[in-house]
Amino acid sequence: TEMVYEFPELQGFMGRIYATIQGKSSEVSAAIEEHYQPRFAGDAIPKTITGRIVAVADKLDTITGAFAVGMLPTGNVDPYGLRRGAIGIINIMETSGWRLPLSPFIEYALELVKPKATIPSDRTLADVLNFFIQRHKQIVTADSVATEAYEAALGEDNNSFTDFIAQRERAIALNAAKKSETFNSVAQSFKRINNILRKAGWTKADVDKTLFETDEEAQLFARLSDCKGAVEAAAKASKWSAAIGELEKLAAPLDAFFEKVMVMAQDEKLRNNRLGLLVSLKKLFACIGDLTKLS
């Protein structure tokens with residue numbers, strides 16, 4: 001009818017009218033109008049589940065397709081509204097309470113545009129995911145959450161990111177924990193652990209209790225064993241403050257360990273066993289994020 005060609009602001013609205021006239025269900029008719037939402041900052045998200053699903057699918061298809069052919073927004077230039085689309089998807093998913101990983105949907109969208117893609121799929125997947133994370137970081141840090149807390153919640157190379165809701169909750173919990181002296185002590189110990197393991201190039205978490213030479217080693221391992229299950233369970237349930245509280249129980253034994261124990265011992269078996277203990281600690285901390293990002 002060219003109605004929308006003459007009046008662009010009627011996009012979606014006329015689609016709903018025509019669909020209703022053609023006998024489509026109220027759910028489908030509403031979704032045709034709603035899936036363009038949110039159209040601008042502060043705009044409402046779709047009210048119907050169908051509208052929300054189609055809105056996310058449509059926006060993600062546009063973003064992934066653009067990235068797959070190298071048409072990325074630069075500076076203030078974003079002709080296809082990719083940033084607005086990403087923010088719209090984030091708002092829909094958070095408001096709807098959808099704790100869904102984004103990567104599988106990006107991968108599916110990539111399969112659909114594969115015949116016309118000019119950028120390798122693995123690179124596009126990483127770029128699109130990071131594009132969303134950067135938009136989400138802007139939103140969350142605008143709500144008085146420190147940038148370093150958000151980045152710490154991402155883990156190494158975004159590997160702790162699961163969904164927008166969990167990421168926000170984890171960042172808020174880390175932001176609050178930064179005010180705790182005990183937590184800061186744990187964070188400093190984590191940085192030390194990270195540095196030692198990086199320099200040693202050690203990744204095995206093998207620990208043999210019979211090789212412990214000091215009480216500090218035994219006590220740290222015992223406390224690690226005691227709180228490991230609680231930390232992992234709390235993290236799985238997105239109870240980040242509880243998980244952090246459990247990690248804080250490691251503060252005293254960690255301080256004692258680093259004060260009394262020489263990790264890089266001359267004896268190879270002792271050295272490797274102590275490095276294995278540090279790897280086990282690092283893996284547990286990874287449930288919360290990368291604490292090296294915290295100042």
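**Note on disulfides and salt bridges in the predicted model**

1. The count of disulfides in this structure is 0, where a disulfide is a pair of cysteine sulfur atoms within 2.5 Å. In general, a disulfide is a covalent bond between the sulfur atoms of two cysteines. Cys227 takes part in no disulfide, and the nearest cysteine sulfur, that of Cys287, is 10 Å away. For Cys287, the closest cysteine sulfur is that of Cys227, and the 10 Å between them is too far for a bond.

2. The model is predicted, so local features need pLDDT of at least 70 and side-chain atom pairs count only at pLDDT 80 or more, whereas totals for chains, interfaces and linings use all residues. Residues are numbered from 1 along each chain as its sequence is written, and side-chain values use heavy atoms, with hydrogens and water left out.

3. Is each cysteine buried or partly exposed? Here buried means under 20% relative accessible area, exposed means over 50%, and partly exposed lies in between (1.4 Å probe, protein chains only). Cys227 counts as buried because its relative accessibility is 1%. Cys287, at 23% relative accessibility, counts as partly exposed.

4. The whole structure holds 15 salt bridges, each defined as a side-chain nitrogen of Lys or Arg within 4 Å of a carboxyl oxygen of Asp or Glu. Side chains of opposite charge can pair when their charged atoms come close.

5. One of the salt bridges joins Glu33 and Arg16, with the closest N and O atoms 2.4 Å apart. Glu33 belongs to helix α3 (residues 26–34) and Arg16 to helix α2 (residues 13–21), so this pair ties together parts that are 17 residues apart in sequence. Helices are DSSP runs (H or I, at least four residues), and are numbered from the N terminus. Glu33 is partly exposed at 26% relative accessibility, and Arg16 is partly exposed at 25%.

6. A salt bridge also forms between Arg168 and Glu94, whose closest N and O atoms are 2.8 Å apart. This pair links distant parts of the chain: Arg168 is in helix α9 (residues 164–177) and Glu94 is in helix α5 (residues 82–96), 74 residues apart. Glu94 counts as buried, at 17% relative accessibility.

7. In the salt bridge between Arg274 and Glu217, the closest N and O atoms are 2.9 Å apart. Arg274 lies in helix α14 (residues 268–285) and Glu217 in helix α11 (residues 215–236); the pair therefore ties together parts 57 residues apart in sequence. Arg274 and Glu217 are both buried.

How values were computed. Helix = DSSP H or I, 4+ residues; strand = E, 2+ residues; numbered from the N terminus.
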